[in-house]
Each structure stands twice: as C-alpha cells, then as structure tokens.
Amino acid sequence: MEDKLLVLKCKRGSPDALERIYLKYKTDLLVLAMAFLNDKSAAEDVLHDVFLSFVQSLGKFRLTGTLKGYLMTCVANRARNTNKAKHHLSVGLEAAESFGSHSHEPTNSVICNENLQKLSGAMAQLPYEQREIIMLHFKAAMTFKAIAKSQGISVNTAKSRYRYGLEKLRLILDEVEK
Amino acid sequence: MKPADRINELINKSDVTTSSDTDKRILADALVQLEKLKQKKSAATQPNIWRTIMKSRISKLAAAAVIIITVFVGIHYFSGSIENVAFADVMQNIQNARTLTYRSVITPADQDPQVVKTTVIEPHLMRVELPDGKVWILDHGQGKGLILDSKNKQAVMSSTPQKTLGLYDTFRDFRNNPDFSVSQIGQRTIDGVQTVGFQLTRGNDENVRIVWANPQTSLPIRIEQTVKDENGRVIKSVTTNIVFDAELDQSLFRLNAPEGYTHRVVDGPHERSIKLTKRMKSASNMKQILLACIMYAQDNKDQWPDSLQDLTPRRLAGDTLINPGQPERENGYIYIKPSTPISPQQVVLYEAHDSWGDGINVGFVDGHVEFIEKESMFKNRLEDERTVKLTKRMKSAKNMQKILLACITYAKDHEDQWPDGLQDLTPRRLAGDTLINPGQPERENGYIYIKPSTPISPQQVVLYEAHDSWADGINVGYADAHVQFIKEESNFKSDLQKPTKAR
C-alpha cells in the first residue's frame, strides 16, 4: 500500500515521495546491478538511468505488481543493455580493460561490502543469462514463470539456466574459499 | 548447506553504500525530470476552451460569436494604409471600444445556417440572440450565464463560472496576445461600398479569416471565417451589420428572469456529463474498496479492516482511494468499520465532502453503492447505525444488571461470598444467553467478571464488556449493581484501581 501511495504522490509531483522511493530501494537495486555488471560505476549509472526512466514514465505508469519487482526488472533490462554495449565495445574497440571503469574514474561513491565483492566477482564468471536468472530469483523474489516472461524464454529454459548457474557458482565459490 | 541456500545467504549479506554526493546527483536529476513532468502535465490539463465550448449547439454559436469579436476589435483600429500597419501593434493599442453589435450567419458542420445576433458591452457583458428564440446573456464579471427561452417562458441560470470565464478568457487572450499575420487579398464591392480584403492567419492555424474593410473609415464591412472544431468538422460564418460604440440598453444584460418566466439554476450539459462520469468512476472505486474489504474480512475471521490502509496493494490499487471528483484530497473516502453483527444496510463508506452539493455516493456492507441526493437521508442512514449501536449497548447494560443481581442473590445465599466465576450462576439464577453481549455475539464470554474483594465497596468494578480494542467506550458494572457506560479508557482503568485503594 505504501508503494502505491508513493507512486501516486510521485505522479502528482511530490519530491518527498520520489526521495522515499529512491532511499527505500537504492541498496537492493545497486546490489542487483553490481551482481550483473561487477562494475561500481556502471552499476551506479544503471541506478541513475533507471530512476530517471521511472520518473519520465510516471505519466503513463500504472503499478500492477510490486514497485520493487518493477524497479528490479528495469535494472535487469538496463544492465543487460549495458552488458551488450560493453561486449560491443570490447570487440569493436579492443578496449575491454578500460571499459571496466566505464566513462568515470574509479569511484569511491559506491562502497561494496566483502560479501558483495565476492558475489559480483563470482557472478562475473557466469554467462550473463545465468546471472540474471539467479539474481532475479533470489534478490527480486521473482518466479521462474515471471522471469521467463520478462526475458522472452520458456520456463524450462529459465530453470535450466538457474540450475547450471547455481552449480557453476558453487564451484567458483568453493575455489575462492580454498 | 545446499548451494541455493549458500548463494541466497551470500546475496542477503551483500550490501552496498552510496555517498551522499551520489544520492544527491541521482535525486537532483530525477527531480528535474519530475519537475518537467509536472509542467508537461500542467500544460496537458489546461482546459481546452475550444473543445469545452464547442460541446453544445448553443455553445458553438456563442463561441463562434466570441471569435468573431476578436477580428472586429482588431480591424476597427486600422487607420490609413492597412498594409503598413503591424497587426500586433494595432491590437495592443485597442483601448477605447466599449460596445459592439453584429449579425452572423453561422453554418455548423452538417447543419443549416443559423443567424445569430451578438451584442457586447466591455468589459464583462455579452448577449447572444439565437435563431430558436433563445437568448444567452453572459456576465463574465460574475461568471454567470442566463439562458432565456421565450417560447417556453423559462429562464435558466448557469452556475458554471469556469465555462463563462473560459469564454471571457478566450476573448481576452485574442485581444491581448494577437499573433496574426495579415495579407491583402484584393478588392471587392459589398453593398455598393468598395472594400479591401485582408486574410488573417496565425502560425500553422488552418482556420481562414477574411476581413473586408472600408478603406475610408477603416471599419470592417464583412468578415468571413472558416474554422474547424475538434473533430475536424468545418464551421463557416459570415458576419455583417457591424457597429462599434453604439448606445446600448444595459437592461438587456441583466441576469434576472423576466416576469412570467419560470426560473431554475443548473449546470450546463457538458458539466453535468463530467460530473456524472466522475460520480460513476467514484462509485466504481468505492465498489472496488468494498470488495477488497469483504475479501479482507473473509481472510480475517469476518473482521473488517480497521482502516483502508490495511488493504494491501494486492487487494487494492492505491489510486482507488482517490475520489475522481476531488482528486486534491488524499483520502477521498470516509470509512466506518462496521459493527457486529453486520447488517447489509450498514453504511461503511462514503465520499469525503466539505459541503453537500448534489449528493454523495454511499457504500454499504453488502458491497453496493448508492448515490444519495438528500443530506437528511444520508444522516438518517448514519443515524440508523448509531441507533443500532445504542440499542445494543442498552441491551448489554440490561444483561449486565441481570448478571450483577444474580451475583448479589448468589452472595446472599453464600454468606456474602460472590461467585468465583459467572459459570457458578446456575441457570435458575441466570439465562444462558444473558452472558452473550449483543454487541459482540460472536464472543462466547461477552463479559469479564472480577470477584470483588472484601470488604466490598459499592464502587468496585466487578463486570465489564470484553473487548479487543477500545472504541467508543464500554459498559462497566459495579458491586452495587449499577451499570455505567464509560467513554474514556483512562477513566475505566482508574475505576479498576478503586478496589485496591479501598483495601
């Protein structure tokens, strides 16, 4: 109910409501973006872009599920685009190393705890599709059906990616902990 | 630990913090976007005056008349060589015209031509005589309009100031913000007078305005206009008999019904349809709220929510709580948690309102919504609620007196010892249903009994109504067998302490 009212207030132009939404979900969204991208600056950019898009679309926006779920899906989509761009750049410009810091200098504005560093480091070794499903399932509490729908894949494919990703992640974490 | 649990734990323990600069930057950018959105929304919700006034036939004609005025006012003040005069400059210099009359033949799309006679006294008064014998008098200063129907001897006062102000503003805007460009289109003889033609265009506006003016007097002789309504249908008008600054009878503009006319005050058809639409939307919202309440009660042992905030987003969309008729109110509806036992005619929801107006939508326990026009009827419905509550409260007090008397009788038979519990009161002393509180029949034990301490003080609380939360108050029974309704919880708690003090 609170989210519905916050969205409603935002639609009416309330800066307080917008700030409340931002403060309420920024951490979850950043953790998700970090797990997808393993890049603080890029994750921060994703958060920035998602919030701006959210405000821009407020006129037509109608909350049908949860606001958290909506914002997390936005982060997933935006991170996917960033990832594609990153891949494109790394191939086209042979600038894979420099892209890690994106367009900014390494930033101290986003500080990750040890667990998140470990998580995003391990996630970075998974295929992107598997990262997405694992994070959306665990962090956004989305069902496989919902994830499959949002990504345009079958439920079975989503489950397979989840299984393979989980197994691979386990091996990576075992290796790290050794 | 399973891999899934391990990953889940790692994700849950993952944390990130952002600097205040990052937060400020993102929020600042988002707020800029929010401000843009507000401005865009504000522009989009500006009333489309043309659309508003073109809804009814009478409005179409009157609106056309208003637009015609703007052209007159402009052309009247041309002097000398028209083509050398900047139209905008001339418009800005308009100060002196005080009256204007003209006759227009207006041909709305798919209709026969209509002759309309218009008279204007600056700055507030306008009179439009329509072909069906009706006369529309507008007083923009008061924001009121009067329609006189000479055939049916009816006078209808329009209480729609926005609409009349809209017309007035249109007139004002045209005068104060002229951005027409003028081009000469040749000469023509009209009624034996040689005239010069000018075409007025404005931006990408496709509407055509041609003014034929007498170059000797700089006065317009004939004005031809072709404009499109919001559906793209063409409306043509030809205006002649144009006279500036004629002496006019002020009494023609009075907003009084002539003698022998029936008089009533109504909204225009457009306003009525808007109101009706909003009322229906509001009723639809209320039905959704009631349905959500009923579903809530089904999931919560027949207990309705304490407030509408208890309805989760799953049950109710947030904007459903906004009354479309009063979107500025955060809580558009007043909710009253129904008392038990629930009767279908209990009022549980109604539209918040400062003044009564035409009526309000009222929602009942059974989920239906009614529009109640009379305030007295609404109050009666609410009063019914109170009467039902009061009756139950009185019945409960009587039950409690019976219980107390039964206790006293018991004490007489048991060496002044009161019963240990109400179950000690045999059926001979007390009917079983007396222990049921009529206000809460679902409770097996409707009353809480406290065995009085000795020596017994008459003011000791020995019985009171069981309750989960404090609402209006409860009935409380004392050792001297009197029962009192206590409104304040603090007073009740204070009374509960009395036996201790007595001891």
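What follows is what I looked up, entry by entry.

**Ground rules.** I am working with a predicted model, in which local features need pLDDT of at least 70 and side-chain atom pairs count only at pLDDT 80 or more, while totals for chains, interfaces and linings use all residues. Residues are numbered from 1 along each chain as its sequence is written, and chains are lettered from A and ligands numbered from 1 in the order in which they are written.

**Chain A overall.** I started with the helices (DSSP runs of H or I, at least four residues) and strands (E, at least two), numbered from the N terminus. Chain A has nine helices and one strand, and along the sequence they read α-α-α-α-α-β-α-α-α-α. I then checked burial: a residue is buried if 20 or more other C-beta atoms, placed from the backbone, lie within 10 Å of its own, exposed if 12 or fewer, and partly exposed in between. Of the 178 residues of chain A, 39% count as buried. For contacts I used C-beta atoms, placed from the backbone, within 7 Å. Of the contacts in chain A with a separation of 6 or more, 71% join residues 24 or more positions apart.

**Helix H2 of chain A.** H2(A) covers residues 15–37 and bends by about 45° at Tyr25(A). The bend is the angle between axes fitted to the seven residues ending at a residue and the seven starting there. Just after H2(A) comes Asn38(A), with a positive phi of about 50°, although Asn38(A) is not a glycine. Asn38(A) sits in the loop between H2 and H3 of chain A and is buried, with 21 other C-beta atoms within 10 Å.

**H2 against H7.** At what angle do H2(A) and H7(A) pack? I found about 160°, with the axes 9 Å apart; the axes are lines fitted to C-alpha atoms over the stretch in contact, and angles run from 0 to 180 degrees between N-to-C directions. That makes H2(A) roughly antiparallel to H7(A), a term for angles over 145 degrees. Leu32(A), Ala35(A) and Phe36(A) of H2(A) meet Arg131(A), Glu132(A) and Met135(A) of H7(A). These contact residues divide into four nonpolar, no polar and two charged. Here Ala, Val, Leu, Ile, Met, Phe, Trp, Tyr, Cys and Pro count as nonpolar, Asp, Glu, Lys and Arg as charged, and the others, Gly among them, as polar. Nine of the 11 residues of H7(A) are buried, so H7(A) is largely enclosed by the rest of the structure. Among the buried ones are Ile133(A), Ile134(A) and Leu136(A).

**Where A meets B.** I counted 41 residues of chain A in contact with 32 residues of chain B. The largest share of the chain A side, nine residues, comes from H2(A). That side divides into 24 nonpolar, eight polar and nine charged residues.

**Two spots in chain B.** Ala481(B), not a glycine, has a positive phi near 75°. Ala481(B) lies in the loop between strands E20 (474–478) and E21 (483–486) of chain B and is partly exposed, with 18 other C-beta atoms within 10 Å. Pro305(B) is in the loop between helix H7 (269–299) and strand E14 (333–335) of chain B. Leaving aside neighbours within four places in sequence, Pro305(B) is in contact with Cys293(B), Tyr296(B), Asp310(B) and Leu311(B).

Conventions:
Parallel < 35°, antiparallel > 145°, perpendicular 65-115°, else oblique. Contact = placed C-beta atoms within 7 Å.
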